[in-house]
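Subject: Structure handover

Hello,

Please find the structure below, with its sequence. My notes on what was found in it follow.

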Amino acid sequence: MSTKPFRPDVDAPEYKGKYAPYDIIREGTIAVIVVGLLVVLLATLFGSPDERAITIKTWSNANPIDFATTALGEMNGSTITAQYGGPYNTAAPGQNLGPLKLAQWAGVTIPVNTVRDFVINPLSSVPNDPDLKLALAQWKGANSAQQTSWVSNYSKGAAKMTWSHGLINVPATNVGPVPTIINKLTQMARSGALDQALVTGSGFYTTNYTKPLLFVADGTYLANLAQKQHLLGSQWGMMNETGSYPGQAWLWLYTFWYQVTPFSTSSNADVQVSALMGLLSLLLLLLPLIPGLRSIPRKVKVYRLIWREHYSA
Amino acid sequence: MAFLWSLAAFIPLDNYGHYIHWGVINISVANFIVVVLMIMTFVAALLLPFPGRNRRKGNQ
Amino acid sequence: MSTTEIERQWTTRLRKRAAGKLPPEKLLPDTQPAYVSSWIYVFGVTTLAALSLVILTGFILSIRGPQWWHSSSIGHFVNSMHLWSVEIFFFAMIVHLWGKFFMAAWRGGRTATWMTGVVTFLASVGAAFTGYVSQTNFDSQWISTQAKDGINATGAGSIFNVLNLGQMLMWHIVLLPLAAVLLTAVHVLLVRIKGVVPPFEEKTGATK
């Protein structure tokens, strides 16, 4: 005879009681019909959100100075993308989880050079523009020290940037072709051509929007719209939806950690929260194996409500 | 065309949402309703009598 | 061909094993223990019903491709049904999870049932997320550019590029639904093999 002790949170007693008729197919059919009707009702009543995508065209027309400032940021290396690190470039080591430099170890697999990919290459695709051709030739003919010096001089005046008569003006001298480059890129953006140039960089077909999305996210236009929709990370935006629709409410715990210390002030918050959520998911997964945790249901006795008929029989 | 028009939502929720701030908690009213409904559904599922118990007893 | 040769065949052995573990009357039972009598038990099948509607509406959206719903009112309506069936799916799944937790439904050799359920939940979160970034609208622009930081920080961004629409759409309509459906199937089969967990034994109650 087995004398293994009965563990109430691991073993289940053998059921020797009654059985009742159960029509599993009927139950499934009813469930599909009820949920189907509910889905049709909710879809008819509330619909679903579809806020139009912004374009670089709408951005640069709505706020040419923000666009030009971002474009300059891509040249002087001050934007989020330019300073990102892995997987786009080596400008930063990326976040680390204690000694684990995960982003850095994963390497640069989606290379993005903001000057080349966001500014020079798109402009090089513009036909029949002698001024631009000259400016690009001057840029490409200069060494990097010269390029840096031009951009740096232009950046010093960028705080006083103005927009008038379709031109970006910055009071700065010894700036080489930079004003022409910034103005031509702004014109290109306002015409809609930059949207296309950034996605077609890899040929005729594409399904990859990495470059235009990174560029757009470097400006303030997208974030300002998101803030109005209450979508910023600091607004628990991860679980929110545009309009007044419910969003990914199941991400509540994930977004919660970002709001509290130490994560809210940590420069490694993303990787720390991911690690914590990974750990918590593991706890949930392994719950049946964890002494203490697996005893909670037996001790809180909610099961008495569920099986009250059984216990009163 | 009337048929297509009728597919538009009766109460589209496209206007800016409302939000509940409570200390560190910051939740949209829509998500809050979903969470409250979830908890209410759970409690109701525990408390409401499940139909058919008499029939079941009778059958055995 | 000898009988023993047939007996030894992989196919024969697999069939016998499957039939032994899951005979038809277990796969499609017509009775169940009398203790299965609470509304909490309906949330598993509700989750399955919602999942089937998520997939059905997803199929309809697939017919005319990822951007149809922006320009067609029928497409938008199907998208609305897709969204609301997802909301109901998660709603029911979470209530189901709470219920199974308070029943300690992993007892009696049901650990694998619990675990497949948890993994299905996590896969579903991923499936929903890739759907949000595949919408080709403002929402997907914002969510993808925000989420990239969280994913890049873990190193996973080197492979899983949330800004690559084609990649995200593939994950959303092939890889993750396949994973979610397969995991769900295993989960449901495990429930059928092991049966519904019996109540805790209570010293004072008449449990026998």
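Between chain C and chain A there are 30 residue pairs in polar contact, with both residues at pLDDT 80 or more. A polar contact here is a pair of N or O atoms within 3.5 Å; within protein, one must be able to donate a hydrogen and the other to accept it, and residues adjacent in sequence count only if both atoms are side-chain atoms.

Some conventions before the rest. This is a predicted model, in which local features need pLDDT of at least 70 and side-chain atom pairs count only at pLDDT 80 or more, while totals for chains, interfaces and linings use all residues. Residues are numbered from 1 along each chain as its sequence is written, chains are lettered from A and ligands numbered from 1 in the order in which they are written, and side-chain values use heavy atoms, with hydrogens and water left out.

Chain C and chain A

In this interface, 88 residues of chain C are in contact (heavy atoms within 4.5 Å) with 97 residues of chain A. The two chains bury about 7,900 Å² between them, 68% of it on carbon and sulfur atoms. Buried area is the accessible area (1.4 Å probe) that two parts lose on being put together, summed over both. C:Trp84, C:Phe138 and C:Trp142 supply 10% of the area that chain C buries against chain A, more than any other three residues.

One salt bridge is found across this interface; the term means a side-chain nitrogen of Lys or Arg within 4 Å of a carboxyl oxygen of Asp or Glu. Its partners are the side chains of A:Arg304 and C:Glu202, at 2.6 Å from N to O.

Several elements of chain C each supply at least two residues of the side that touches chain A, among them strand 1 (31-33), helix 4 (42-63) and helix 9 (165-194). Helices (H or I, at least four residues) and strands (E, at least two) are DSSP runs, numbered from the N terminus. Helix 6 of chain C gives the largest share of that side, 16 residues. By class, the side has 45 nonpolar, 32 polar and 11 charged residues. Ala, Val, Leu, Ile, Met, Phe, Trp, Tyr, Cys and Pro count as nonpolar, Asp, Glu, Lys and Arg as charged, and the others, Gly among them, as polar.

A:Tyr19 has C:Pro33 as its bridge partner.

Chain C and chain B

Here 17 residues of chain C are in contact with 15 residues of chain B. About 1,500 Å² is buried between the two chains, 78% of it on carbon and sulfur atoms. In chain C, the residues that lose the most area to chain B are C:Trp39, C:Phe91 and C:Trp98, together 38% of what that side buries. The interface has zero salt bridges and one residue pair in polar contact, both at pLDDT 80 or more. Helix 4 and helix 6 of chain C are the elements that give two or more residues to the side touching chain B, and helix 6 gives the largest share, nine residues. That side has 12 nonpolar, five polar and no charged residues.

Within chain B, strand 1 (residues 19-22) and strand 2 (residues 25-28) run antiparallel, joined by four bridges. These strands form a hairpin with two residues between them, and B:Gly23 in the turn has a positive phi of about 60 degrees. B:Trp22 stands opposite B:Ile25.

Salt bridges and burial

Over all chains, the structure holds eight salt bridges. A:Arg304 lies in helix 15 (residues 303-306) of chain A and C:Glu202 in the segment after helix 9 of chain C, so this pair joins two chains. Buried means under 20% relative accessible area, exposed over 50%, and partly exposed in between (1.4 Å probe, protein chains only). A:Arg304 is partly exposed at 32%, whereas C:Glu202 is buried at 10%.

Within chain C, C:Lys148 and C:Asp149 form a salt bridge, with their closest N and O atoms 3.3 Å apart. C:Lys148 is buried at 5%, and C:Asp149 is partly exposed at 23%. In chain A, A:Arg116, A:Asp117 and A:Lys211 are linked in a network of salt bridges.

Helix 10 (residues 210-218) of chain A is largely enclosed by the rest of the structure, because eight of its nine residues are buried. Among them are A:Leu213, A:Leu214 and A:Phe215.

Regards

Notes. Two strands pair if DSSP finds at least two bridges between them.
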